[in-house]
Amino acid sequence: MTPHNPLQLIAKLLSFESGTTEATTIITKMLEEDWDHLVTTASHHLVLPSLYCKLQQKDVLSLLPKDLEQYLKELSAINRNRNKRLLQQSQNISNLLQAHGVEHAFLKGIALLIKGCYKDIAERMIGDIDILVAPEQLRRASLLLRENGYTYKTESFGSKYMPYHQDIRLLPEQNGLAAVELHRQALYIGYEAFLPTYSLLEHKRKGHTLHIPSSHNLLNHIILHHEVNDYGYLN
């Protein structure tokens, strides 16, 4: 393993299997050669906060240059605070949808935060809040959000004629950090049978008032979303 394989090194540092000894060896090696390249790569893949949290959990942060440690600490604190606000934003959306009887479940990154999958919520960087909605209630959900501080992103010419799994994207005008994406199905057209919407909603896990897919379906969606929607199967 060489510094020319930064993804492998990052994977090792993030791994649950590697401990303090292995992390120390990697950090020592990188400090001698090209630590900046590893940081740049981790930043590109949006895992810098996760890297900081893992190094903290493995008790090797003291090996880093002080300015780098401080930078990662501040970045992670910003992301932690942002995720707290995203959870509150999700709670507000859920309260609104439930009050009007809209069947829904949060997906992807926000669902993992809701489920409590991370020792530190700073680990996960989230762009949008993804929500699966019963197809016949999709427009109703969109209208409710538009009546409560969100703006509908104008459809493109093609979206009017070609069906797409992500139906509506709404941007917060106030009291929100992230855009909201409403989905009628979890996967692209042609693959929806792998994760049928009504099955996902029927077997959703009701955590307080924030609903997410069951553990089994959540894991399946994470895998299939990468393989299908992000074209991972091509590689």
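Mentor: Helices (H or I, at least four residues) and strands (E, at least two) are DSSP runs, numbered from the N terminus. This is a predicted model, in which local features need pLDDT of at least 70 and side-chain atom pairs count only at pLDDT 80 or more, while totals for chains, interfaces and linings use all residues. Residues are numbered from 1 along each chain as its sequence is written, and side-chain values use heavy atoms, with hydrogens and water left out.

Trainee: Where does Asp59 lie, and is Asp59 buried or exposed?

Mentor: Asp59 sits in the loop between helix 4 and helix 5. Its phi is near 60°, a positive value in a residue other than glycine. Buried is under 20% relative accessible area, exposed over 50% and partly exposed in between (1.4 Å probe, protein chains only). With 64% relative accessibility, Asp59 in this loop is therefore exposed.

Trainee: Which helix holds Lys108?

Mentor: Phi of Lys108 is also positive, near 60°, in a residue other than glycine. Most residues other than glycine have a negative phi. At 26% relative accessibility Lys108 is partly exposed, and its place is in helix 6.

Trainee: Which residues are in contact with Ile110, leaving aside neighbours within four places in sequence?

Mentor: Ile110 is one of the residues that touch the most other members of the largest core. Counting contact as heavy atoms within 4.5 Å, its partners beyond those neighbours are Leu86, Leu87, Ser90, Ile126, Ile129 and Asp130.

Trainee: How many residues does the second, separate core have?

Mentor: Among its members are Val39, Leu51, Leu55 and Leu61. The count for this second core is 23 residues.

Trainee: Why do the buried residues of helix 2 lie on the same side?

Mentor: The buried residues are Ala23, Ile26, Ile27 and Met30. An α-helix has 3.6 residues a turn, so residues three or four places apart point the same way. In helix 2 the four lie on the same side because their arc, taken from the directions from the helix axis to the C-beta atoms, is only 95°.

Trainee: What covers the buried residues of helix 2?

Mentor: On the other side of helix 2, Thr21, Thr25 and Glu32 are exposed. The cover over the buried residues includes helix 1 (6-14), helix 3 (35-44) and helix 4 (48-57).

Trainee: Which residues form one aromatic cluster?

Mentor: Rings of Phe, Tyr and Trp (its six-membered ring) pair if their centres lie within 6.5 Å, with planes under 30 degrees apart stacked, over 60 edge-to-face and the rest tilted. Tyr188 and Tyr231 make a tilted pair, 6.0 Å centre to centre and 45° between the planes, and they are 43 residues apart in the chain. Tyr231 and Tyr233 make another tilted pair, at 6.5 Å and 55°. The cluster is Tyr188, Tyr231 and Tyr233.

Conventions
A nonpolar core is a set of buried Ala, Val, Leu, Ile, Met, Phe, Trp, Tyr and Cys residues joined through side-chain atoms within 4.5 Å.
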